[in-house]
Amino acid sequence: MEMHSSKKQFLVLEVAKINLRHNALLSIAVAVLLCLVTPFLIGTANLDRNSAAVPLEMFVSLIGIVLLTPVFQPEQNEEIDDLVSSKYCSTAKVHLIRTVYSVGIATLLICVFTVYMKMQSCDVAPILALGTIADALFLGSMGMLTSALTGNTVIGYMPPLLYYALNIGMGPKLGSFYLFSMITGSYTAKLWLFVAGMLMMAAALFYQRIRKRMV
């Protein structure tokens with residue numbers, strides 16, 4: 001039983017390592033670059049609590065789109081899809097592994113950026129990091145679900161970017177699904193965004209699994 005568990009763990013780590021090397025490096029690089037340029041685009045020093053939310057919600061949260069939208073991209077190439085399907089690890093498990101490490105990387109980058117802002121004498125607290133993670137998961141899962149439904153990663157980027165633009169135009173009128181609520185000192189919307197993001201993520205993974213069985 002213990003040997004079977006260690007084999008399973010090794011398989012997961014091996015799949016994650018291969019996918020990180022071959023499929024995720026570009027997305028990770030873009031996400032890191034976005035975090036690096038944010039201080040040059042907007043102030044990140046000596047900010048109060050509400051002002052500190054601006055770079056996190058309006059810039060850093062976009063890494064969710066960058067990291068989660070391409071989860072299904074490799075298998076959208078038929079040759080790669082056939083190759084992955086013939087391997088010892090199911091495509092559904094591969095997608096789940098990609099999703100988990102993408103969420104993990106997004107969370108790590110957001111936490112690192114929050115610590116950086118703290119070092120810059122900003123009034124940041126864990127709630128700001130958690131709220132930004134909720135935004136990132138919501139936007140990323142929207143792209144992920146669109147990519148799954150359309151079978152096209154490029155199209156997958158459009159809805160979350162359009163929704164982001166809608167938030168700039170309509171502001172708090174979006175209520176519980178307003179992406180920038182922490183700027184106004186409100187945090188309750190983040191719970192709704194987090195739940196919606198998790199549901200869209202689960203729906204995307206489930207749809208891909210069903211679609212694969214029907215092919």
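Start with a cartoon view and follow the chain from the N terminus: the elements run α-α-α-α-α-α-α-α-α. That comes to nine helices and zero strands, where helices (H or I, at least four residues) and strands (E, at least two) are DSSP runs numbered from the N terminus.

A quick note before you click on: this is a predicted model, where local features need pLDDT of at least 70 and side-chain atom pairs count only at pLDDT 80 or more, while totals for chains, interfaces and linings use all residues. Residues are numbered from 1 along each chain as its sequence is written, and side-chain values use heavy atoms, leaving out hydrogens and water.

Next, select residues 49–58, which are helix 2, and residues 91–119, which are helix 5. How do their axes cross? They come within 11 Å and cross at roughly 150 degrees, with axes being lines fitted to C-alpha atoms over the stretch in contact, and angles running from 0 to 180 degrees between N-to-C directions. That makes helix 2 roughly antiparallel to helix 5 (the label for angles over 145 degrees).

Now show side chains for Ala 52, Pro 55 and Leu 56 in helix 2: they meet Phe 113, Thr 114 and Met 117 in helix 5, a contact being heavy atoms within 4.5 Å. By class, this contact has five nonpolar residues, one polar and no charged ones.

Last stop: select the whole protein. Of its 215 residues, 45% count as buried, meaning under 20% relative accessible area with a 1.4 Å probe, protein chains only.

Conventions: Buried means under 20% relative accessible area, exposed over 50%, partly exposed in between (1.4 Å probe, protein chains only). Angles under 35 degrees count as roughly parallel, over 145 as roughly antiparallel, 65 to 115 as roughly perpendicular and the rest as oblique. Ala, Val, Leu, Ile, Met, Phe, Trp, Tyr, Cys and Pro count as nonpolar, Asp, Glu, Lys and Arg as charged, and the others, Gly among them, as polar.
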